[in-house]
Amino acid sequence: MISQSDVVGIVKQCVKYGQFELHSGKRSNWICDLLEAKEFFKHFVYLLVPRHTLVGIEFGGALLVASTKTNYGIVRKDSNFYAPGLIKDGRIITLVDDVVTTEDSFRHAEMILNHYSISVGERLVVLDRRKEITLPIRSLVTAQMLGFD
């Protein structure tokens with residue numbers, strides 16, 4: 001099993017520098033491509049210690065929850081929700097994504113889940129790079145831990 005300090009080192013190795021447009025439309029001079037660390041995804045999820053059934057946000061969050069080989073669901077960016085007979089109305093879930101920058105993906109996923117009467121009990125990410133924080137989201141690594149503002 002890997003440690004918290006191992007995770008910071010692994011995530012640092014996934015950072016790329018340049019000029020990038022993020023999903024939010026914002027510009028950044030760095031991104032973190034966690035797909036380069038996919039062999040550690042199962043360990044990342046276990047270190048986050050989820051308390052409920054996992055639901056991943058497409059794309060990175062879906063890969064994270066799938067790596068656990070447990071029952072899980074996926075919220076797609078096209079507003080579809082997949083949970084093969086596992087998640088019933090009124091259920092409380094753990095919503096997972098790889099990176100959070102603006103919280104928009106979490107808000108969109110929660111809107112979709114609300115349609116199914118599914119509540120989010122907690123939100124988890126590997127990397128939190130938010131500048132503005134309004135939702136409680138637990139992470140393994142923050143942008144500050146990587147040396148970014």
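These notebook entries record what I looked up in the structure.

**Entry 1. The model**

I noted that this is a predicted model, in which local features need pLDDT of at least 70 and side-chain atom pairs count only at pLDDT 80 or more, while totals for chains, interfaces and linings use all residues. Residues are numbered from 1 along each chain as its sequence is written, and side-chain values use heavy atoms, with hydrogens and water left out.

**Entry 2. Helix α2 and its end**

I took helices (H or I, at least four residues) and strands (E, at least two) as DSSP runs, numbered from the N terminus. I called a residue buried under 20% relative accessible area, exposed over 50% and partly exposed in between (1.4 Å probe, protein chains only).

Which residues of α2 are buried? I found Phe41, Phe44, Val45 and Leu48 to be buried in α2. They lie on the same side of α2 because they cover an arc of only 95° around the axis; the arc is that of the directions from the helix axis to the C-beta atoms. The cover over these buried residues includes α1 (4-13), β3, α3, β7 and β8 (138-142), where contact means heavy atoms within 4.5 Å.

Just after α2, I noted a positive phi of about 55° at Val49. Val49 sits in the loop between α2 (41-48) and β3, and it counts as exposed because its relative accessibility is 51%.

I found another positive phi in a residue other than glycine at Ser117, near 60°. Ser117 belongs to the loop between α4 (104-115) and β7 (119-128) and is partly exposed, at 41% relative accessible area.

**Entry 3. Around Glu58 and Phe59**

I looked up the peptide bond from Glu58 to Phe59 and found it cis, with omega near 15°. Phe59 is in the loop between β3 (53-57) and α3 (60-66).

Leu35 lies in the loop between β2 (27-32) and α2 and is partly exposed at 36%.

**Entry 4. Salt bridges**

Side chains of opposite charge can pair when their charged atoms come close. I counted as a salt bridge a side-chain nitrogen of Lys or Arg within 4 Å of a carboxyl oxygen of Asp or Glu.

How many salt bridges does the structure hold? The structure holds ten.

One of them joins Glu36 and Lys16 (2.2 Å, N to O). This pair links distant parts of the chain, with Glu36 in the loop between β2 and α2 and Lys16 in strand β1 (residues 15-21), 20 residues apart.

I found another between Arg76 and Glu58 (3.9 Å, N to O). Arg76 lies in the loop between β4 (72-75) and β5 and Glu58 in the loop between β3 and α3, so this pair ties together parts that are 18 residues apart in sequence.

Asp128 and Arg130 form a salt bridge at 2.7 Å, N to O, and both residues are buried. Salt bridges with shared partners join Glu103, Arg107, Asp128 and Arg130 into one network.
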